[in-house]
Amino acid sequence: MQVVSISSLKGGVGKTSVTTGLASAALAAGIKTLVVDLDPHADATTALGVQPGEQLDIGRMLKSPRRAKLAENVVRSNWSARAHSNGSGPAVLDVAVGSAYTGIYDRPDLGRRDLRRLTAVLAGAGNYQLVLIDCPPSLNGLTRMAWSASDKVALVAEPGLFSVAGTERTMRAIQLFKQEFAPNLSPAGIVANRVRSGSSEHTYRLAEMESMFGELLLSPRIPEQANWQQIQGAAHPVHHWPGDSAKSAAALFDELLANLMAAGSGLRSRAR
């Protein structure tokens, strides 16, 4: 099982879009996947077509992590049903439902014991091959809790001045956190998202990112997608959305998922 945190310091860069794109790719590949929606806004839960029921949300599981019984409280995404109905064979995509309740842990002063809460919850996740954690856009307690539970951190950045500067700060924060709390944590790489091919600013910032981060800048880059809000609003996996644009986006996320899972093993693709 690989546990990957999807993080960003700056909001509005499409972190949840990348999480759901990777989840769609994992579902299409038949990888048994759990998405942990750690953002108090719970946007990933909505995009994955989950209607909260009687199960405990992730915030309440964090409150009593050793009694959480993760397997009893995850909710099957309705994307799984679509995958079955399209004849792709057994497919599993489960969600640890997000809620505003997690916000009580999004503080900068969490102690070492609190940082282990998600690790304790995920001790019950052994049936999954991949766990994707959608983090809030901050470096407060929830993100640090996710990093404590993760093998890798993937950073999402838009090729703009403030996002690139924030990514550099986050990389430094990961190294400091690794030294103090999580010696086995590694940066999986940086996803350049919402790239506009006709933008001279984006071209300049991408070159800057290549210079700053080298092989940590993952390929492929994800272009700005005009219909992405429509896809998310319909709570639909990009791999089953009609049209050439969605088909192209799905292929990019397939490649990104493969590179992300290989990151840290010497198999990372060079940025293109």
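I started with strand 6 and strand 7, which run parallel and are joined by six bridges. I count two strands as paired if DSSP finds at least two bridges between them. Helices (H or I, at least four residues) and strands (E, at least two) are DSSP runs, numbered from the N terminus. For one bridge I noted Leu 155, whose partner in strand 7 is Ile 190.

A note on the source: this is a predicted model, where local features need pLDDT of at least 70 and side-chain atom pairs count only at pLDDT 80 or more, while totals for chains, interfaces and linings use all residues. Residues are numbered from 1 along each chain as its sequence is written, and side-chain values use heavy atoms, with hydrogens and water left out.

Next, the link between those strands. Strand 6, helix 9 (residues 161–180) and strand 7 form a right-handed β-α-β unit; right-handed means that, with the strands pointing away from the viewer, the path from the first strand over the helix to the second runs clockwise.

How much of strand 7 is buried? Eight of the ten residues in strand 7 (186–195) are, taking buried as under 20% relative accessible area, exposed as over 50% and partly exposed as in between (1.4 Å probe, protein chains only). Strand 7 also runs parallel to strand 8, with two bridges, and Val 195 has Pro 223 as its bridge partner there.

Then the whole sheet: it is open, with eight strands in the order 3-4-2-5-1-6-7-8 and mixed pairing. Strand 3 (75–76) and strand 8 (222–223) are at the edges with a single partner strand each, so one side of each has no neighbour in the sheet. Further in, I checked strand 1 (residues 2–7), which pairs with strand 5 (residues 130–134) in the parallel sense over five bridges. Val 3 has Val 131 as its bridge partner in strand 5.

Last, I looked at Ala 26, which lies in helix 1. Is Ala 26 buried or exposed? Ala 26 counts as buried, because its relative accessibility is 0%. Setting aside neighbours within four places in sequence, I find Ala 26 in contact (heavy atoms within 4.5 Å) with Ile 31, Thr 33, Leu 130 and Leu 257. Ile 58 is another matter: Ala 26 and Ile 58 are 32 residues apart in sequence and 21 Å apart in space, C-alpha to C-alpha.
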